[in-house]
Amino acid sequence: MDGGRLLVPPAMAAAKIVAILGKAGCDAETADAVARHLVDASLRGVESHGVMRVLQYAQQYRDGYMSAAATPSVRVLPRGPVEVDGGGGIGIPAMHLAVARACADTQASGIAAVSVRNVGHTGRLGAYAEAGAEMGHLVIIIGGGGRHNWRQVAPYGGRRAVLPTNPYCLAIPGGARGPVVVDFATSMIAGGWLYAARSAGAKLPVGALIDPEGRPSTDPEDYFRGGAILPKGGPMGYGLALMAELICEAMLGPVTTEVNWLVLALDTTRHRAPGRMREVAEEILAELRACPPAEGVSAVEVPGERERARREAGMTGGLSIPARTWTEILAAADG
């Protein structure tokens with residue numbers, strides 16, 4: 001990586017993001033919500049969806065890809081499903097609204113589904129699913145349908161990018177340390193890591209990328225020259241990505257802006273008392289944590305707990321941001 005890293009106070013990073021989004025035309029409420037989301041992602045170590053993303057968002061506002069004036073709204077479709085329409089704006093406020101609505105709607109039958117359409121990038125999915133799990137829900141989020149605009153990932157056995165990274169996220173109430181959150185792209189790496197590596201002047205992991213001729217590469221520029229990300233786990237990632245494409249376009253309808261989303265929420269208290277569920281969850285998680293670590297690994301970790309621990313440390317120690325990326329952010333905030 002070119003230039004190493006800097007430790008930046010979270011409040012300073014948030015202020016610079018608000019300044020950039022304000023110049024792009026966002027209102028104060030939207031700019032603040034996006035800034036808090038991006039800083040939180042960086043604090044948790046999810047750099048692909050962290051403060052670096054504001055540079056991409058600003059460019060997308062300038063290009064007209066997203067509308068800075070958009071406000072998400074909820075509507076009930078003629079056949080009964082609930083849909084959040086993002087109005088062509090950034091997807092972070094829309095996804096907050098969708099998960100809150102889905103969790104609220106479980107009061108009727110214990111389970112609810114909400115679709116999200118006409119949105120730009122939605123940020124880190126784990127943030128929304130974890131919030132629902134904190135309220136006692138199993139939350140599942142699936143995104144896809146954007147292959148016409150986002151051909152990023154080669155199908156298993158192919159060498160040309162056809163599919164988006166089509167992510168999944170699941171969160172459920174956990175044990176003593178909070179919810180368990182699994183948040184992953186169906187590709188070997190999330191698309192954001194390409195932009196993060198490019199911004200920081202860094203390389204990508206071996207086995208994540210192929211160049212335009214289908215040869216293995218670690219250079220993010222090979223992706224932007226027509227290469228492709230490989231599917232996670234070969235046929236497994238390909239199959240999940242294909243299902244997401246069918247769910248989110250064939251079922252939910254045409255995609256505008258980026259991708260469509262399906263949010264599912266299930267009230268776990270309908271199945272088991274919260275206290276007992278936490279006890280059993282902790283038994284399962286404690287057994288995993290106690291597993292002897294493999295050579296070169298310090299400990300077996302539980303998804304979600306690692307990010308929360310990193311966030312706590314970062315609130316006092318600061319955000320670790322590539323120096324080159326921070327220079328770009330400062331330049332954008334200044335004009």
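This is a predicted model: local features need pLDDT of at least 70, side-chain atom pairs count only at pLDDT 80 or more; totals for chains, interfaces and linings use all residues.
**Entry 1: the three-strand sheet**

I began with the open sheet, where three strands run in the order β9-β8-β10 with antiparallel pairing. I took strands as DSSP runs of E with at least two residues, and helices as DSSP runs of H or I with at least four residues, both numbered from the N terminus. Two strands pair if DSSP finds at least two bridges between them. At the edges I found β9 (216–217) and β10 (228–229), each pairing on one side only. I then looked at strand β8 (residues 209–210), which is joined to β9 by two bridges. There L209 stands opposite S217.

Residues are numbered from 1 along each chain as its sequence is written, and side-chain values use heavy atoms, with hydrogens and water left out.

**Entry 2: the β2–β3 hairpin**

Next I looked up strand β2 (residues 73–76) and strand β3 (residues 82–85), which pair antiparallel over four bridges. V74 has V84 of β3 opposite. Five residues lie between the two strands of this hairpin, and in the turn I noted G80 with a positive phi of about 115 degrees.

**Entry 3: salt bridges**

I counted a salt bridge when a side-chain nitrogen of Lys or Arg is within 4 Å of a carboxyl oxygen of Asp or Glu. The structure holds 23 of them. I picked out R117 and E83, whose side chains meet at 3.5 Å, N to O. R117 lies in strand β4 (residues 111–117) and E83 in strand β3, so this pair ties together parts that are 34 residues apart in sequence. E83 is buried at a relative accessible area of 2%. For these labels, buried is under 20% relative accessible area, exposed is over 50%, and partly exposed is in between (1.4 Å probe, protein chains only).

I also checked R147 and E249, whose closest N and O atoms are 2.6 Å apart. R147 sits in the loop between β5 (137–144) and β6 (168–175) and E249 in helix α8 (residues 235–251), so the link joins parts 102 residues apart in sequence. Both are partly exposed: R147 has 24% and E249 has 21%.

I found a salt-bridge network as well, linking D40, R44, R124, E130, R308 and R311.

**Entry 4: helix α6 and its partners**

I turned to helix α6 (residues 191–200) and helix α11 (residues 323–333), which pack at about 90 degrees with axes 7 Å apart. The axes are lines fitted to C-alpha atoms over the stretch in contact, with angles from 0 to 180 degrees between N-to-C directions. I call α6 roughly perpendicular to α11, since that label covers 65 to 115 degrees. With contact meaning heavy atoms within 4.5 Å, R198, S199 and A200 in α6 meet R324, T325 and E328 in α11.

R198 also forms a salt bridge with E221, the closest N and O atoms being 2.9 Å apart. R198 is partly exposed at 36%, and E221 is partly exposed at 26%.

**Entry 5: E305**

Last, I looked up E305 in helix α10 (residues 305–317). E305 counts as buried at 10% relative accessibility. Setting aside neighbours within four places in sequence, I found E305 in contact with R177, L285 and R289.

Key. Angles under 35 degrees count as roughly parallel, over 145 as roughly antiparallel, 65 to 115 as roughly perpendicular and the rest as oblique.
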